[in-house]
Amino acid sequence: MKSRFPSSALGRLALLSLFATVPRVAYAVEVSGLEHAARTPRTYIAIQHKRDFDPVAPLPAVLRRWGWRGMAGEVHFAMRSDAFAAGFLSRIVLHPRWFSLALRPLSVGPLLRRLGVHPLADLHQRPAEAWLRDAQRVEGNVPAGDILTSAFLADLASASHTSPDQLAKLSLSRLLTRRYHLALQRFTSADIFLGEAHRRAVRRSVAEAKRLLEDLSAWLWAGGSLFSAPEGQLSPTGALSPINNALHRILRTAPPEMRILPIALVYDFMTTRRPCIFVDLAPAIERAPALPHHDLDAQLRHAWRSAAHFTCTQIASGFLVEAAQTRQPATFTTGELAAATFAHARQLAAEGRHVDPRLLDTASVYQRVSAYLTYARRHHLVRRLKRGVWQVTGATIMPPVPPGEVGYRFAPLAYAYNELRDLLDV
């Protein structure tokens with residue numbers, strides 16, 4: 001079977017070797033449910049999207065299960081379309097700034113296409129820089145104030161420590177210089193444009209999305225499979241995000257026998273020990289194009305939640321948040337936290353849920369809880385009052401998260417608690 005975007009088998013194998021190695025430097029990766037990964041043409045491998053490592057963690061194990069044809073090119077990937085333009089690497093690597101700026105001219109688009117990666121357009125959210133580059137190409141090098149809203153210019157001025165009036169006089173090419181690089185990396189919609197420029201930007205976005213979907217449809221009808229994240233964005237709060245309309249647009253023109261293989265990912269990240277990624281494959285959803293959108297979304301979300309592992313990060317965070325809400329002062333002992341985590345883990349296991357096995361042993365659960373508390377103390381989430389006695393001091397409610405950002409970086413306790421509540425909602 002030939003791909004419309006010919007991929008290099010050797011390049012893919014090298015990339016898979018890198019994917020198999022790099023995550024294990026930083027994480028322990030636990031994969032379960034591989035019996036559901038039987039090689040079947042026209043499969044949409046649907047991963048949750050929590051972190052940048054999400055595609056990397058399950059891919060080697062799944063493609064090894066599929067054999068040589070899967071590794072060499074039978075499975076393609078869908079990735080947001082701005083990844084194919086110059087500047088994408090500089091958005092991924094923002095620090096150190098000199099290195100981010102050095103990456104700006106580089107485009108990995110040709111390499112991605114050779115490796116079997118398809119661009120997938122988001123009709124609504126893109127980095128501001130991507131919108132401006134597209135506008136410059138079509139509208140010309142016009143003054144920013146002619147086509148950009150005052151609200152956007154005010155936000156950009158605040159982020160770059162300039163005045164909105166000064167920015168309005170600059171040409172688009174001047175806005176796309178390194179001075180405004182960091183400020184233009186936030187995700188936004190076509191609403192940054194005025195009047196006719198806004199309408200033209202929306203029309204271009206829709207036309208691009210249709211063209212890219214035609215390429216994906218042709219690949220699936222040829223018998224290929226696709227690996228992608230239906231949420232379309234990193235989870236901002238810890239809970240599952242809505243299923244992106246891109247999945248439904250793909251299914252609208254997909255072969256009727258196309259199936260969806262759900263893969264859940266959970267990070268046990270609140271620890272001073274080696275963090276762990278739990279990768280869980282769920283049974284496939286057969287003949288997905290025939291399902292109503294609401295039913296498909298519900299089945300996919302249920303599959304992710306049912307398959308996912310519960311970890312010390314989620315269960316212990318649940319205890320801390322409840323302690324903060326019900327105790328005055330919000331104090332507890334290490335022994336209390338270990339006993340509660342052990343009891344909750346055993347209850348979940350008895351209900352047939354997947355649980356980190358280290359939480360089902362009294363000795364190892366104490367070790368996990370101790371590492372969790374050390375992490376929490378370092379991140380100012382708890383305060384030690386005396387040996388073995390703690391007080392909750394961190395935020396237990398998730399603050400507003402800007403588009404494209406993820407809450408675990410600045411509110412890990414609230415993020416983990418939201419994830420726990422989401423996993424329990426089955």
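**View 1. Glu129 and Arg133 within helix 7.** Both Glu129 and Arg133 belong to helix 7 (residues 128-139), where four residues, about one turn of the helix, separate them. Helices (H or I, at least four residues) and strands (E, at least two) are DSSP runs, numbered from the N terminus. The model is predicted: local features need pLDDT of at least 70, side-chain atom pairs count only at pLDDT 80 or more, and totals for chains, interfaces and linings use all residues. Residues are numbered from 1 along each chain as its sequence is written, and side-chain values use heavy atoms, with hydrogens and water left out. A salt bridge joins the side chains of Glu129 and Arg133, at 3.2 Å from N to O; the term requires a side-chain nitrogen of Lys or Arg within 4 Å of a carboxyl oxygen of Asp or Glu. Glu129 is buried, at 1% relative accessible area, whereas Arg133 is partly exposed, at 31%. Buried means under 20% relative accessible area, exposed over 50%, and partly exposed in between (1.4 Å probe, protein chains only). The structure has 16 salt bridges.

**View 2. The salt bridge between Glu139 and Arg204.** The closest N and O atoms of Glu139 and Arg204 are 3.9 Å apart. Glu139 is in helix 7 and Arg204 in helix 12 (residues 195-221), so this pair ties together parts 65 residues apart in sequence. Glu139 is buried, with a relative accessible area of 19%, and Arg204 is buried at 18%. A network of salt bridges links Asp134, Arg137, Glu139, Arg200 and Arg204.

**View 3. The salt bridge between Arg368 and Asp268.** In this salt bridge the closest N and O atoms are 3.1 Å apart. Arg368 lies in helix 17 and Asp268 in strand 8 (residues 259-268), so the pair links distant parts of the chain, 100 residues apart. Arg368 and Asp268 are both buried.

View 4. The three strands follow the order 11-14-13 with antiparallel pairing; two strands pair if DSSP finds at least two bridges between them. Strand 11 (331-333) and strand 13 (382-386) are at the edges with a single partner strand each, so one side of each has no neighbour in the sheet. From one strand to the next, the twist averages 35°. Four bridges pair strand 13 with strand 14 (residues 389-392) in the antiparallel sense. Val382 has Val392 of strand 14 as its bridge partner.

**View 5. Helix 17 across the sheet.** Helix 17 (residues 362-378) lies across strand 11, strand 13 and strand 14, at about 110° to strand 13. Axes are lines fitted to C-alpha atoms, for helices over the stretch in contact (heavy atoms within 4.5 Å), and angles run from 0 to 180 degrees between N-to-C directions.
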